[in-house]
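I want to see who pairs with whom.

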Amino acid sequence: MNCIEAMEKVILSLKEEDLALFNLGLNSRMAYSLKDRKGNFYMLGSMGLVSSVGLGLALNCDKKVVIFDGDGSLLMDMGIMSMIGVLKCKNLIHIVFDNEAYCSTGNQTTYCESIDLASAAEVYWYKTVIKVKSIQEYDDFLSSLHSLEGPAFCLIKTDTCNVKDFPRVALSPAEITERFRANMVSQGKP
Amino acid sequence: MVKVSDLWDYLKLKKYTFCSSVPCSMLKKLLDSGIKDPEITLIPAVKENVALGLASGAYLAGKKSCVFMQNSGLGNIINALTSFNLIYKIPVLMFLTWRGFESKDAPEHLIMGEKMAPLLDLLEVPHRLLTDSYRDDISWAIHEMDNKSIPVVLILKKGILR
């Protein structure tokens, strides 16, 4: 799968009320330039932390929380998968765009050429585990996105790409927090 | 000395009811009672930065949150502090146990025991000892968080909790 296309379609299919957290680098830059929205939270640093923040958010609200993660990022703190799975967080969708590389720093390889994160998700008790390697599988995944039973783990195998094709997020970190929290308030009960 | 039930009651009064923790023997009583309390959500975390991430996610949802960990865990959360909480202005009430206090502890705790406070100063993270006047200490921490919107640390010395 083409990395950009794979990410684009998921970002564009997010519903108004969905909350989405984006890993630093490509995920954040793509989402910001393609469809910036008040329910988006962009990580600018702290690689590996997006899934922890997403779990904390999902445990404290009723809305669907979609985490856009990377293979390198998830490998940094895989212990979080045990928590997501065992805590049975039903409103959590954990999507990992696995390009087997550290895309933001020049596509150095991760270990994901040899290991399968989807198998790990099964071991860690995610309720739903999906692995996407082809266009057909991708289309099936996309059409089921809003009905997945959480916690769901969706591994999308993609090509590598160049993060520099997308501009940096132009919001300050404090603005990202403030806007996201204000959106939670405006949508009523968290 | 502070009774763990009194500490929890005050945290509940102040609405700090979402917590995440990494265990420390000095926190045993506190964590054991917190996990049984139906008004507290205490999520054990696999690592200190994960605990801080969880508490931060709760803040994004509009909740007040705290973390409990050993001071050795400060080493694990420095990046989360500098490239996340401090710049995103995400306050979390952090309780750190002080292993290695006055160099009277196992060797693995001695350096962090000595460096914890200077490290927090360097990072400009407000910190203070939790004392018998725990209500004042927690109120001070909340006041700091309200003003600065960053994490604030309360340090637990051995024997303070009962």
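My working definition first: a salt bridge is a side-chain nitrogen of Lys or Arg within 4 Å of a carboxyl oxygen of Asp or Glu. I'm on a predicted model, where local features need pLDDT of at least 70, side-chain atom pairs count only at pLDDT 80 or more, and totals for chains, interfaces and linings use all residues. Side-chain values use heavy atoms, with hydrogens and water left out.

Entry 1. I looked up the total: 14 salt bridges over all chains.

Entry 2. I checked D9(B) and found it in a salt bridge with K12(B), closest N and O atoms 3.8 Å apart. Both sit in helix α1 (residues 4–13) of chain B, 3 residues apart, about one turn of the helix; helices here are DSSP runs (H or I, at least four residues), strands likewise (E, at least two), numbered from the N terminus. For exposure I use buried for under 20% relative accessible area, exposed for over 50%, and partly exposed in between (1.4 Å probe, protein chains only). D9(B) is partly exposed at 42%, while K12(B) is buried at 16%. I also noted a salt-bridge network linking D9(B), K12(B), D37(B) and E39(B).

Entry 3. Which chains does the D77(A) pair involve? D77(A) bridges to K47(B), 4.0 Å from N to O. The pair joins two chains, because D77(A) lies in the loop between α4 (71–76) and α5 (79–86) of chain A and K47(B) in the loop between β2 (41–44) and α3 (48–60) of chain B. D77(A) is buried at 9%; K47(B) is partly exposed at 30%.

Entry 4. E102(B) and K104(B) form a salt bridge at 3.2 Å, N to O. E102(B) is exposed at 51%, and K104(B) is exposed at 65%.

Terms used:
Residues numbered from 1 in each chain as written. Chains lettered and ligands numbered in written order.
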